[in-house]
Amino acid sequence: MPLRARNQLVVDHLHIVGAATAHIAAKLTQAPRDDLAAAGAFALVRAAEKFNESLGVPFGAYARERINWAMLDELRSMDWAPAEARARAKATTRVQETLSTTLGRRPTIAEIAEAMGVATSAVKQGLEDAGRTVTSLDVPAAVDVIWAGDMPEESAMYAERDELLHHAIDALPDRKRFIIHAIYFDDRTVKDIAAEIGVSHAAVSQHRSEAMRMLRDAIDRHYADDPRAASAPTSHSSPTVLDAYFGRIAEKGQRFARAFLNPAHV
């Protein structure tokens, strides 16, 4: 694309950076707006450089997706939340997860407060702090923070993201796929799942956590400019297991082949 045309794309779509910055800063009130805007602006320029009109996707939709994920990556890379808030969030969520595993359901605020020996207001604050902490975001939380925008021409990008998540979940190893479907789609408790598959509550939670890490790695890899330059995996699985997982996603559709085939084969 000629330099002048690229620069015009950037100028015409700077409002996306502003809207995304304002949205995420409103969700995460202590996030540094200037760093968000800088990451978003850089992503917009990169999007203009990489944009291919023949794909049939509007530039606004293409750029917005890259801007959102660039901002989330920026937040993950910095220790922006105050230490006190992080400690409070970590302590509260640890107790919440322990009680969830033990009870087989999400504990109430009163139950968490009783276990921690604090007032319910302190638990509410801890959970609010956890909601503002991006370094521990799993996939559903990240999607909730991302600016959805209001441009109707972006339906193609929405469809692509939904298709990616569908294929990424479907490609998970059998037990992890079953647990993700049971928890997030069938609204079943950890206790019921553990009883059905004959493992401990802790094992179900471990499978769920690893599945979410694999899904996050799939999303990061898909939206990387180059599969070879994708962020280091967060998954605890071996490289062989991850390569097999990415290979299954690649088999789901041609549009995913470049991102998910082994880089040596790209």
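F59 and Y62 both sit in helix α4, three residues apart, about one turn of the helix. Helices here are DSSP runs of H or I with at least four residues, strands are E runs of at least two, and both are numbered from the N terminus. An α-helix has 3.6 residues a turn, so residues three or four places apart point the same way. Both F59 and Y62 are buried, meaning under 20% relative accessible area, with exposed over 50% and partly exposed in between (1.4 Å probe, protein chains only).

This is a predicted model: local features need pLDDT of at least 70, side-chain atom pairs count only at pLDDT 80 or more, and totals for chains, interfaces and linings use all residues. Residues are numbered from 1 along each chain as its sequence is written, and side-chain values use heavy atoms, leaving out hydrogens and water.

**Aromatic pairs**
- The whole structure holds four aromatic pairs. Rings of Phe, Tyr and Trp (its six-membered ring) pair if their centres lie within 6.5 Å; planes under 30 degrees apart count as stacked, over 60 as edge-to-face and the rest as tilted.
- F59 and Y62 form a tilted pair, 6.5 Å centre to centre with 45 degrees between the planes.
- Y245 and F246 form another tilted pair, at 5.7 Å and 35 degrees. Both of these residues are buried.
- Ring pairs join F51, F59 and Y62 into a cluster.

**Nonpolar cores**
- The largest nonpolar core has 22 residues; L172, L215, A218, Y245, F246, I249 and F260 touch the most other members. Such a core is a set of buried Ala, Val, Leu, Ile, Met, Phe, Trp, Tyr and Cys residues joined through side-chain atoms within 4.5 Å.
- Helices α4 (59–77), α9 (155–170), α12 (201–223) and α13 each supply at least two residues of this core. The largest share, seven residues, comes from α12.
- A second, separate core of 20 residues includes V17, A20, L44 and A63.

**Helix α13**

**Whole chain**
- The protein chain has 14 helices and zero strands.
- Of its 266 residues, 42% are buried.
- Among contacts (heavy atoms within 4.5 Å) between residues at least 6 apart in sequence, 67% join residues at least 24 apart.
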